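Please read the sequence and the structure together before turning to the report. The text is meant to be followed with the coordinates open.

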Amino acid sequence: MTEQDILPKLKIIVTPYTQNKPALDNFGAETDLINDLQINSANLVDVVLDVEDQFNIEIDNESMDGMLAQRQPQNTATDTTTLDAFRT
C-alpha cells in the first residue's frame with residue numbers, strides 16, 4: 001500500500017477528531033496531527049484504534065507513544081514507523 005493509497009483513508013479517519021477543520025484542506029504526509037489538526041491526545045488514541053480497524057494492522061505501543069509526544073516527527077500523518085505498520 002502506497003502513501004497515496006493511505007492518505008485519503010487516513011484523512012477520513014482523522015476528520016471527526018480534528019479541531020482545526022480548515023487544516024484538512026492541506027492534509028498530507030507532513031500534516032502534524034496534534035499541532036496542525038489540533039487533535040488532542042485522548043482523540044489520538046481513537047485515531048490509532050480506527051486506523052488499526054480500517055487497515056487491519058496493529059500499531060505497537062512504542063509507535064503510539066511517539067505519536068502522542070508533541071513536537072516530535074512521529075506526529076505527522078505518515079510517520080515512517082506508522083507507514084511501516086500499513087505495509088506489513
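The report begins with the overall fold and its confidence, and then turns to the parts of the chain in turn.

## Overall fold and confidence

The model is predicted, and the protein chain contains four helices and zero strands, so that its elements read α-α-α-α from the N terminus on. Of the 88 residues of the protein chain, 45% count as buried. Among contacts between residues at least 6 apart in sequence, 50% join residues at least 24 apart.

The chain has an average pLDDT of 82, and 75% of the residues score at least 70. Among the elements, H1 has the highest mean pLDDT, at 94, whereas helix H4 (residues 80-87) has the lowest, at 50. Over residues 70-75 the pLDDT is below 50, although this stretch has 18 contacts in the model beyond near neighbours in sequence. Where pLDDT is low, the predicted coordinates should not be read in detail.

## Helix H1

Helix H1 covers residues 3-14. Its twelve residues should span 16 Å at 1.5 Å a residue, and the C-alpha atoms at its ends are 16 Å apart, which agrees with that expectation. The buried residues of H1 are Ile-6, Leu-7, Leu-10, Ile-13 and Val-14. Because these buried residues fall within an arc of 125° when H1 is seen down its axis, they line one face of the helix. The face turned away from this buried side carries the exposed residues Gln-4 and Ile-12.

## The nonpolar core

The largest nonpolar core has 21 residues, of which Val-14, Phe-27, Leu-33, Leu-37, Ile-39, Val-47 and Val-51 touch the most other members. The elements that give two or more residues to this core are H1 and H2, and H2 gives the most, with five residues.

Which residues does Tyr-17 touch, not counting residues up to four places away in sequence? They are Gln-38, Ile-39, Asn-43, Asp-46, Val-47 and Asp-50. Tyr-17 is found in the loop between H1 and H2, and with a relative accessible area of 17% it is buried, because the cut-off for that class is under 20%. The side chain of Tyr-17 makes a polar contact with the side chain of Asp-50, at 2.7 Å. Tyr-17 and Leu-37, 20 residues apart in sequence, are 8.5 Å apart in space from C-alpha to C-alpha.

The side chain of Thr-18 reaches the backbone oxygen of Val-14 at 2.8 Å. Leaving aside neighbours within four places in sequence, Thr-18 is in contact with Leu-24, Leu-37 and Ile-39.

Gln-38 is placed in the loop between H1 and H2, and its relative accessibility of 43% makes it partly exposed. Although Gln-38 is not a glycine, it has a positive phi of about 60°. Most residues other than glycine have a negative phi.

Asn-40 also lies in the loop between H1 and H2 and is partly exposed, with a relative accessible area of 39%. A polar atom of the Asn-40 side chain lies 3.1 Å from the backbone nitrogen of Ala-42. Asn-40 and Thr-18 are 22 residues apart in sequence, while their C-alpha atoms are 8.5 Å apart in space.

Is Asn-56 buried or exposed? Asn-56 is exposed, because its relative accessible area of 73% lies over the 50% cut-off for that class. Asn-56 lies in the loop between H2 and helix H3 (61-68), and it has a positive phi of about 55° although it is not a glycine.

Technical notes. Residues are numbered from 1 along each chain as its sequence is written. This is a predicted model: local features need pLDDT of at least 70, side-chain atom pairs count only at pLDDT 80 or more; totals for chains, interfaces and linings use all residues. Side-chain values use heavy atoms; hydrogens and water are left out. A polar contact is a pair of N or O atoms within 3.5 Å; within protein, one must be able to donate a hydrogen and the other to accept it, and residues adjacent in sequence count only if both atoms are side-chain atoms. Contact means heavy atoms within 4.5 Å. The expected span of a helix is 1.5 Å times one less than its number of residues. Buried means under 20% relative accessible area, exposed over 50%, partly exposed in between (1.4 Å probe, protein chains only). The arc is that of the directions from the helix axis to the C-beta atoms. A nonpolar core is a set of buried Ala, Val, Leu, Ile, Met, Phe, Trp, Tyr and Cys residues joined through side-chain atoms within 4.5 Å. pLDDT is the predictor's confidence in each residue, from 0 to 100.
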